[in-house]
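User: Let's go through the labels attached to this model. For each one, I'd like to hear what it rests on.

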Amino acid sequence: MVDEIDEYTIDDDFEKPKRAKAPFIKYLREDRLPHIFCPGCGNGTIINTFFKGMEEANIDFENVAMVSGIGCSSRIPGYIKCDSLHTTHGRALSFATGLKVSNPDLDVVVFTGDGDCASIGGNHLIHAARRNINLTVICINNNIYGMTGGQISPTSPKGSYGSTAPYGNRDKPFHLAELVAAAGATYVARWTTVQVESAAKSIEKGLKNKGFSFIEIVSQCPTYFGRKNKMKTPVKMMDHIKNSTIYINNTKLMSEHELADKIVVGEFVDKSAPEFTDNLQELSKENYGDKTLRRSAFLKNFDENKE
Amino acid sequence: MVEKLFIQGNEACALGAIKAGCRFFAGYPITPSTEVAENLARLLPKYGGSFVQMEDEISSMGAVIGASWGGSKAMTATSGPGISLMQENLGYAFMTETPLVIVNVQRGSPSTGQPTMASQSDMMQVRWGSHGDYEPIALSPSSVQEYFDFTIKAFNLSEKYRVPVFLMTEESIGHMREKISIPKSVDLVARKEPTMSPDEFLPFKNRKNATNPMPAFGDGYKVHVSGLTHNEIGYPDTNNPKTHAVLVKRLCNKILKNREKITSVKSEFTDDADVVVVCYGAPVRSVTTAVKEAREEGIKAGYLKINTPWPFPDDDVKAVCESAKDIIVPEMNLGQMVHEVERVFAGDAEVHLLSKIGGELPKPSEVLNAIKSVGGN
Amino acid sequence: MRKEIRIAGFGGQGVILAGIIIGKAASLFDNINAVQTQSYGPEARGGASKCDVVISDEEIDYPKVENPDILVAMSHEALIKYMVDLKQGATLIIDPDMVQEDDIKDFIKERDLTVYHAKATATTVNEIHLKIVANIVMVGAITKATGIVSEEAARKSILDSVPKGTENKNIDAFEAGMRIVEA
């Protein structure tokens, strides 16, 4: 029997690991560091995972533009050295739609959270999926409103506690990957901060997919979700996430009841369908003879012959 | 070659947008503005532009802002209920200095009100509707020709000052058909690109009463655009009182300190007028008839037509109405712009509201009666 | 001279298009000024529909019709609703199959109206064999009876306003209207 280690005690003899190399620091706005994320937050892991997926997908970083709404996860684009719109709560996908239509050559990535995209932005989420517009959405689902101090969200598990659910959450949560799949997205996956390799692979596939890609990553918020739900430390939270995880292929014979407390991970959709901005380009070619005009705001004269 | 057409106001607006270089429209159907969207859905693909019907007005405004940062001249069109939904993202557009044009074809309100009837009840909504301090530009046409001309002007002002610009019209002008002339070419203000390198360029620089250049996403400037209080680079700096004060004052001053360059008015018979009717939008059509009739009856009446309700043309109104003892302000609401006129005169002249709600224009006879009752004796 | 015209009926009869054609004929092809306005309710078909046109050789300030010089009534409901606004000595054009003229005999006398009859609906069905051009028959009747726009301008305006492929039928309808209108 090994004594359980009190996680708050630091063993003096413990040899601190050397600081890991940070190969992705080149993509960050170093002048904005340190960031605002809490120790143990999953956002850092996910940023790393994103860059791994991006490099694997051979996406040119210079061509990436990011859009986000409001919340902890929506602060991510502000630390990344690319064009970024940090917009209003829940509306990131509508800004991203305008940006992508205006310049379909950009690789537009949306960082969002469970409150941002599933609650206040739920309508924009299902319509962006329905249009199959070529956006890659990384949804960091931590089951809580972190930035405002721990209120329950539409994905908070039944029975979990939050500052607005002091007697436990009575509502049934949304399953985001399943929701977005039903709405028409062409690539949908769910992973957690524990399965970074799989998540990176899905981000790679999502970036390559010509259509609406939704990668939900279940993440830990030790500060609010953990503290209110008897999982104060990041390790405890990640243990809980790991133990709750079940692969989608193993769920076929399981009832809804059996799956109630599980996090189903894997790829939910991987298909191809006509893409929204492609359709607009085709319409433009038929009526205008060319793809849609880029950077029209900077033009002093418009091609009169074409008009 | 000038092309002559007999068309509806909302169609003239769509044609004006195309002429102005608008190549992106996002919107949601709403009476009485829908014809703007319908015409642009037909026209934009012929000019290399994109039309997107969004899921609501909230997302329409978001898409227009996104498209503007993507490098397109972008617009949306709606009516009062739609503007209510757009206010949140409009605030973002003011905060991030995003050029775009919003058409508001006003209908009877509050709430769903009178979809097919005219009003001017959103004049304060567009001034103060989103939370916070900001200075919008609004243009108000009185004819189908002006609706076309002002649409182009709206895009030009929007690009020049990096600010959202409203076209405040009413159902009456939106659905009215008149002859208009479409010139072959018009003067356009193109967006100013940064000339500095990305390392030196500050997209939100604190320049005195001047507008910063604006790159498009993908140009290599790697701009961070945030609705949070931000510094000159664009980085959030929310707890620094000075950053906030400097930013918000700059956003307001770039409009207020250029007020005389932005505003425009038209006046007739005001030199010796005892009574001046200060008007804007569709009621101008009734006022011109009434003032001419008053003059025929020997009454010293004149009128001042405000083309740009926002920023309010304080100096023009003051100068033109100097000799007037009485000012009449006809409005299709219960009194909104009249408060601005009262503020400008501050007791120097009697300001009278001629209010008409219900959806119909004030009749020339009603304006004439008002002129006679205040000072025409 | 400012002339005010009101064309009224029920939704779906095409009174708005008739007004647009008259306004366009005056402004683009007779080169004077015209303003067309309309009022409509929430229903797309049925219900009352009215289209107003102001025509003048001077600039038109006030765009609305207050007291029509010409009222064209394509339904009895529209006739009763709008006739009270007519000027003294104005012109009234009615489709006798759609209204009961007897009901308003005294009013016609009182207001000293000149009444024209154009069996637009019947003519459309019997002669043109296309139900939906009753409004264009009325445009012919208005043109002939009032001379508010020239015949040439009206023809050009019709050709400029109707869907491609329907030009001949519409010109037939216009000519029928010119022919059948009678005092």
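Analyst: In chain B, 27 residues of domain 1 are in contact with 25 residues of domain 2. This is a predicted model, so local features need pLDDT of at least 70 and side-chain atom pairs count only at pLDDT 80 or more, while totals for chains, interfaces and linings use all residues. Residues are numbered from 1 along each chain as its sequence is written, chains are lettered from A and ligands numbered from 1 in the order in which they are written, and side-chain values use heavy atoms, with hydrogens and water left out.

User: What makes residues count as being in contact? And where do the domain bounds come from?

Analyst: Contact means heavy atoms within 4.5 Å. The bounds come from an automatic or database domain assignment, which in chain B gives domain 1 as 3–182 and domain 2 as 264–374. Taken over C-alpha atoms, the centres of these two domains of chain B are 26 Å apart.

User: How much area is buried between domain 1 of chain B and domain 2 of chain B?

Analyst: About 1,900 Å², with carbon and sulfur atoms giving 55% of it. On the domain 1 side, B:Gln120, B:Met124 and B:Ser142 lose the most area to domain 2 of chain B, together 30% of what that side buries. Buried area here is the accessible area (1.4 Å probe) that two parts lose on being put together, summed over both.

User: Why are B:Glu178 and B:Arg285 called a salt bridge?

Analyst: The rule asks for a side-chain nitrogen of Lys or Arg within 4 Å of a carboxyl oxygen of Asp or Glu. For B:Glu178 and B:Arg285, the closest N and O atoms are 2.6 Å apart, so the pair meets the rule. Across the interface of domain 1 and domain 2 of chain B, the rule finds two salt bridges.

There are also 16 residue pairs in polar contact between these two domains of chain B, both residues at pLDDT 80 or more. A polar contact is a pair of N or O atoms within 3.5 Å; within protein, one must be able to donate a hydrogen and the other to accept it, and residues adjacent in sequence count only if both atoms are side-chain atoms.

**Chain C against chain B**

User: How many residues does each of chain C and chain B bring to the contact?

Analyst: Chain C brings 20 and chain B brings 22. About 1,700 Å² is buried between chain C and chain B, 56% of it from carbon and sulfur atoms. C:Tyr40, C:Asp61 and C:Tyr62 supply 35% of the area that chain C buries against chain B, more than any other three residues.

User: How do you know that C:Asp61 and B:Lys292 form a salt bridge?

Analyst: Their closest N and O atoms are 2.8 Å apart. That is within the 4 Å limit for a Lys nitrogen and an Asp carboxyl oxygen, so C:Asp61 and B:Lys292 qualify. The count between chain C and chain B is two salt bridges, plus 10 residue pairs in polar contact (both at pLDDT 80 or more).

On the side of chain C that touches chain B, helix 1 (15–29) and strand 2 (33–39) of chain C give two or more residues. Strand 2 of chain C has the largest share, six residues. Helices (H or I, at least four residues) and strands (E, at least two) are DSSP runs, numbered from the N terminus.

User: And what about chain A and chain C?

Analyst: Chain A and chain C do not touch, and their nearest C-alpha atoms are 19 Å apart. Of the two pairs of chains in contact, chains A and B share the most contacts.

**One serine in chain A**

User: Why is A:Ser284 called buried?

Analyst: Buried means under 20% relative accessible area, exposed over 50%, and partly exposed in between (1.4 Å probe, protein chains only). A:Ser284 comes out at 0%, so it counts as buried. A:Ser284 sits in helix 10 of chain A (residues 276–288). Leaving aside neighbours within four places in sequence, the contacts of A:Ser284 include A:Asp290, A:Thr292, B:Pro45 and B:Gly48.

User: What makes A:Arg294 and A:Asp105 a salt bridge?

Analyst: Their side chains meet at 3.1 Å, N to O. Between domain 1 and domain 2 of chain A, the count is two salt bridges.
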